[in-house]
Amino acid sequence: MGVDTFPIRGIDHIRHYVNNARQSSFFYRETMGFNVVGYRGLETGSQDQVDYVLEQEDVRLVFSAPLRPGHPMAEKIAYHGDFVQDIAFEVDDVDLAYKLATERGAKGWQEPHTLEDDHGKIRIASICTYGDTVHSLINRDNYKGTFMPEFREHFEQGVGIGIKGVDHAVGNVELGKMNVWVKWYEDILGFTNMLTFDDKDISTEYTALMSKVMSSGNGRVKFPINEPAAGLKKSQIDEYLEFFGGAGVQHVALITDDIIHTVTELQKRGVPFLTVPMTYYEELPGRVGEIDEDIEVLSKLGILVDRDDEGYLLQIFTKPITDRPTLFYEIINRKGAKSFGKGNFKALFESIEREQAIRGTL
Ligand code: FE2
């Protein structure tokens, strides 16, 4: 691994633009067990925008909604539906990071500025990436308050389900644009391409896609980027691009150390998951060998398993959690494996195609 030309400490938060932040925060608290920890809105003096901050271990989510018609955020939400607008990075030096990124060709979204209140200061800037997605660059070393100035502490307890962090976040980009964005992450943020999947790896009878996994210099942030490939029918990436209205975040993978517990809770709380046929579990022992978990339990929950040279991983995918077939979540439990479940792609895509067929979008 070469010199890290754009040091990122990690993902600070993931911001969603939504129509109704109160209801989104309620959904994420009730289903995924996030604690609501911070709030900004009319009661705190914010006249135009409301935000809820939710946390579980190392995952911080922010749900932002416009309070008035004509707000620039309202236009984006009307176009895309609820969506991930910002994957914010924590950095040592916001001004330097912004300067480096823009000098290397990134388009700025917000210039570096300071937000300040009685609890201290935050330095923040943002750059544009694919579609309407941005990466904020944040340093909160000199801030002791809740999230950011203007926010107030607002606690609603969620019943946690063992989510520990963000494993990766995946972007869907337009046909022919994957390598453009791969180069963008290489040139501007010093990421490296750690894995590549072509249409031979990821194809079923009907649909195909290509994917490259980009990793930050220190390996803490992983962003696979997908583009559609030619197939007999419309791929899930084409479906996303059509309903989303362009490139955007497709899924966020959340880490757990106990996927059986996490998925049992999510299913109890009504989160819908993709399913695979029973034959998948009949073939599983032959494919992955010895694992700690009981295959019968995994099959009841629909959890998938894959093995690579370093170990194995367990994973499962929700159905889209928005009205449009756009954003979904992955739950991943790594037991040594650093890969992304290539052995599950076929079963998964066939499952997605069954869902697409029901939606009439295959
Ligand atoms: Fe994933």
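Predicted model: local features only at pLDDT ≥ 70, side-chain atom pairs only at ≥ 80, totals over all residues.
The largest cavity in this structure holds about 280 Å³ of space. Residues are numbered from 1 along each chain as its sequence is written, and side-chain values use heavy atoms, with hydrogens and water left out.

Let me begin with the cavities. A cavity here is a set of points, on a 1 Å grid over the protein atoms alone, where a 1.4 Å probe fits but cannot get out; lining residues have an atom within 4 Å of a point. Points are joined across faces, edges and corners, and a volume is the space filled by probe spheres set on them. The count comes to four cavities of 30 Å³ or more.

The lining of the largest cavity comprises 22 residues, with Asn226, His251, Phe317, Phe345 and Phe349 nearest its centre. Among the elements that give two or more residues to this lining are strand 10 (163–172), strand 13 (222–229), helix 5 (236–244) and helix 9 (345–359). Helices (H or I, at least four residues) and strands (E, at least two) are DSSP runs, numbered from the N terminus. Helix 9 provides the largest share, four residues. By class, 14 lining residues are nonpolar, seven polar and one charged; nonpolar covers Ala, Val, Leu, Ile, Met, Phe, Trp, Tyr, Cys and Pro, charged covers Asp, Glu, Lys and Arg, and the others, Gly among them, are polar.

The second largest cavity has a volume of about 160 Å³. Its 15 lining residues include Gln236, Pro320, Phe328, Ile352 and Arg359, which lie nearest its centre. Helix 5 and helix 9 each supply at least two residues here as well. This lining divides into six nonpolar, five polar and four charged residues.

His251 lies in strand 14 (residues 248–256) and Glu330 in strand 17 (residues 328–335), so the pair ties together parts that are 79 residues apart in sequence. Both His251 and Glu330 are buried, where buried means under 20% relative accessible area, exposed over 50%, and partly exposed in between (1.4 Å probe, protein chains only).

Next, two residues in strands. Asn139 lies in strand 8 (residues 134–139) and, at 10% relative accessibility, counts as buried. A polar atom of the Asn139 side chain lies 3.1 Å from the backbone oxygen of Asp92. Ala229, in strand 13, is buried too, with a relative accessible area of 11%. Its C-alpha atom is separated by 11 Å from that of Met178, 51 residues apart along the chain.

Finally, the backbone. Most residues other than glycine have a negative phi. Phe147, however, has a positive phi of about 55°, and Glu150 has a positive phi near 85°. Phe147 is found in the loop between strand 8 and strand 9 (152–156), and Glu150 is found in the loop between strand 8 and strand 9. Phe147 is buried, at 5% relative accessible area, whereas Glu150 is partly exposed, at 48%.

Definitions and conventions
Polar contact = N/O pair within 3.5 Å; in protein donor to acceptor, adjacent residues only side chain to side chain. 1 Å grid on protein atoms, 1.4 Å probe; cavity = no way out; pocket = protein on both sides within 12 Å on 5 of 7 lines; lining within 4 Å.
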